[in-house]
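Please read the points below alongside the sequence and the model.

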Amino acid sequence: MNKDINEFISPVVRELPPSGIRKFFDIVATMDDAISLGVGEPDFVTPWNVREAGIYSLESGRTYYTSNAGVLELREELSRYLKRKYQLTYNPKGEMLVTVGGSEAIDLAIRALVEPGDEVLIPEPSFVCYRPCTVLAGGVPVGIVTEAKDNFKLTAEKLKEKITSKTKLLILPYPNNPTGAIMEKEDLEEIAKVLKDTNVLVLSDEIYSELVYDEKVHVPFPNIADMKERTILVNGFSKAFAMTGWRLGYACGPKEIIAAMVKIHQYAIMSAPTTSQYAAIEALQNCDENVKDMCKQYNYRRKVMVNGFRKMGLDCFEPFGAFYVFPCIKSTGMTSEEFCEKLLHEEKVAVVPGNAFGASGEGYVRCSYAYSVKNIEEALKRIEKFVKNHSK
């Protein structure tokens, strides 16, 4: 072979940066006594009745492919769940697709809609997959900076400034990863006013919809007047039901868009895991109390972490959703990467640099409170010691 093997790899893929989230945790795996506050994964085990339903599905011989769109019984249960929880109405036969995690649903929606040169608006800081998925589809990611002074919300003014004739899609990632910000009904209504006279579609990633605190209420974007017809709702079971390893998500939206997503899904994936789908039916039917209990515990941890960062003198926006805190570390004089690398090597605590979620995340770090209170309190002690040692 006369060529370097790397030359055979697509330039688009070759130039994609690796996930900024994983870098530090490959190092953590080799360290003794390290505490990780980095991975966005519940420390709760999937509720026993859900695990049992998965086991029973295997014992019953349900080991075959399902419909491309997912088990109809699950889609029907999802339809009832969305109606019961959020007053949303979707037809399980045509307007719903079960996917391999929420991430696949995001990828499918972007690939089904975005043509080369189309612009995709992405409020940032936000989840790491939106930009790469857009680039892989030939689209142009356009970041919209959100700021602490606006509670990291997407404002109508900033949205309006970024819309052009090439804008195809807006990503609406709330409750937000990494900031924990939420958008309330009045905020979403302002966004809807901007979109009303445009042809911009919306991908509303609501994977943290169940995890909102202090009597805040999550409002799905399709509930806003005239927005359902242009919105693809993405959600899943990983966060609320502690089912990350089951790899199950879903998308709801206009039947024409869902049909296009199913077309890609059937060639790339075939169907989501059968065992996971039957377990998810049980989760939807009988786990409301489990979700409430987990949410209550997250809320306590949230307060411990926010208070801990403020006590050590770091500015810390109060998050009302998801399970992340996004403290500002600019006062230390270190970059996000420098702070995280030194913290890991000096105090054996792993957090994620804010710039992993977009350039506007520079000067912040993401800390997950999906960990035990014991680990959170010990990590805060170590971080406080680190900040004092490096204070100017």
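**Notes on the predicted model**

1. The count of aromatic pairs comes to 15; rings of Phe, Tyr and Trp (its six-membered ring) pair if their centres lie within 6.5 Å, with planes under 30 degrees apart counted as stacked, over 60 as edge-to-face and the rest as tilted. This is a predicted model, in which local features need pLDDT of at least 70 and side-chain atom pairs count only at pLDDT 80 or more, while totals for chains, interfaces and linings use all residues. Residues are numbered from 1 along each chain as its sequence is written, and side-chain values use heavy atoms, with hydrogens and water left out.

2. Phe-152 and Phe-317 have ring centres 5.2 Å apart and planes at 80 degrees, so they form an edge-to-face pair. This pair links distant parts of the chain, 165 residues apart: Phe-152 is in the loop between strand E4 (140-145) and helix H7 (156-162), and Phe-317 is in the loop between H11 and E9. Helices (H or I, at least four residues) and strands (E, at least two) are DSSP runs, numbered from the N terminus. Phe-152 and Phe-317 are both buried, where buried means under 20% relative accessible area, exposed over 50% and partly exposed in between (1.4 Å probe, protein chains only).

3. Since Phe-339 lies in helix H12 and Phe-386 in helix H13, the pair ties together parts that are 47 residues apart in sequence. Both of these residues, Phe-339 and Phe-386, are buried. Elsewhere, ring pairs link Phe-44, Tyr-208, Tyr-298, Phe-323 and Tyr-324 into a cluster.

4. The largest nonpolar core has 40 residues, and those touching the most other members are Leu-37, Tyr-298, Met-305, Phe-309, Phe-323, Phe-339 and Ile-383. Such a core is a set of buried Ala, Val, Leu, Ile, Met, Phe, Trp, Tyr and Cys residues joined through side-chain atoms within 4.5 Å. Two or more residues each come from helix H11 (288-311), strand E9 (324-325), helix H12 (336-347), strand E12 (365-368) and helix H13 (373-389). H11 gives the most, with 7 residues. Apart from this core lies another, of 29 residues, among them Met-96, Ala-240, Ala-272 and Ala-279.

5. Which residues does Met-305 touch, not counting residues up to four places away in sequence? They are Leu-37, Val-325, Cys-367, Ser-368, Tyr-369, Ile-376 and Leu-380, with contact meaning heavy atoms within 4.5 Å. Val-325 also stands opposite Cys-367 in E12. E9 and E12 pair in the antiparallel sense over 2 bridges; two strands pair if DSSP finds at least two bridges between them.

6. An open sheet of 3 strands has the order E9-E12-E11, with antiparallel pairing. E9 and strand E11 (352-353) stand at its edges with a single partner strand each, so one side of each has no neighbour in the sheet.

7. All 5 of the 5 residues of strand E6 (residues 201-205) are buried, so E6 is largely enclosed by the rest of the structure. Leu-201, Leu-203 and Asp-205 point one way from E6, and Val-202 and Ser-204 the other way. Strand E5 (residues 167-172) pairs with E6 in the parallel sense over 4 bridges, and Leu-169 has Leu-201 as its bridge partner in E6.
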